[in-house]
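This report covers selected residues of one model. The sequence and structure come first, followed by the notes.

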Amino acid sequence: MSEVICDLCMHQCHLKEGQTGFCRARRNVNGINTCDNYGRLTSLAMDPIEKKPFARFMPGSLILSAGSYGCNLACPFCQNSMISMTDEHTVNYRTFTAEELCDIVISHPESIGLAFTYNEPLISWEFIRDCAKILKPQNKKIVLVTNGCINHRVMAELIPYVDAMNIDLKGDAAFYQKELQGDIQFVKDTISFVYDKCHLEVTTLVIPEKNDSIAFMDQEAKWLASLSDKIPLHLSRYFPRYHYTQPMTPVETLKTLKETAEKHLKYVYIGNVW
């Protein structure tokens, strides 16, 4: 059996027959790079759009949120590690066809559409595409909450179907490489490609002593503003999760970073503060 190279993201996994990649969701099946978690849902809930988070996309709306398992980053602070850091053998899931999931959306008129979230949705991009082809003619919205680590080919195929995206921008290049096993350039390339093609908001989970410096926030906000100063930025408060045990982010830190980002961006929001 032939080996395949999965080119969806920075890992470029070499997959032998039957083997899954770094993300736990792509598999070599008879020499074909296959979406192994296609339609396998671990989470399904009706959420306020603000929870995704979106501040400036159809506020006050409800959206059906769906998640599977797997992720192509290895964030040691992951807030959803119980599904994102698992595979088919270590998590409970139910398999839906695209038609079955879309029927649920359509049967709930209070929902504006379908949000792919909770784990990393873009590793299952074929399922997103197939659902979107059903829902878009029904005037339903397609929303992605993603880490943005995907190649240009996939994003170019999906973007005509996508109404809104929230993309994580987690830190600088060294942080991505050392802590996340990722590549910030993939994220920046995705942000640069989509910002003028659908509604875009960006989220940074602010972690003490990792990405909470004024210098980093100034650089991040300045770069986003170079694309558009109207891109909303969410500064989300970190709480200890998964492998990270350091205390939660002080609220004052978030306020200071908000002031820093507002020197460049018109819309900056603080999240996870009650």
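## Histidine in a strand

A polar contact is a pair of N or O atoms within 3.5 Å; within protein, one must be able to donate a hydrogen and the other to accept it, and residues adjacent in sequence count only if both atoms are side-chain atoms. The side chains of His-234 and Glu-201 form such a contact at 2.5 Å.

The model is predicted, so local features need pLDDT of at least 70 and side-chain atom pairs count only at pLDDT 80 or more, while totals for chains, interfaces and linings use all residues. Residues are numbered from 1 along each chain as its sequence is written, and side-chain values use heavy atoms, with hydrogens and water left out.

His-234 belongs to strand E13, residues 233-237 (strands, E, are DSSP runs of at least two residues and helices, H or I, of at least four, numbered from the N terminus). His-234 is buried because its relative accessibility is 8% (buried means under 20% relative accessible area, exposed over 50%, partly exposed in between, with a 1.4 Å probe and protein chains only). Leaving out residues up to four places away in sequence, His-234 touches residues including Pro-53, Asn-166, Glu-201 and Tyr-269 (contact means heavy atoms within 4.5 Å).

## Leucine in a helix

Leu-135 lies in helix H3, which covers residues 125-135. With a relative accessible area of 0%, Leu-135 is buried. Beyond four places in sequence, Leu-135 touches Cys-102, Val-105, Ile-106, Leu-114, Lys-140 and Ile-142.

## Cysteines

The count of disulfides is zero (a disulfide is a pair of cysteine sulfur atoms within 2.5 Å). For Cys-9, the nearest cysteine sulfur is that of Cys-13, 6.2 Å away. For Cys-102, it is that of Cys-131, at 4.1 Å. Cys-102 is buried at 0% relative accessibility.
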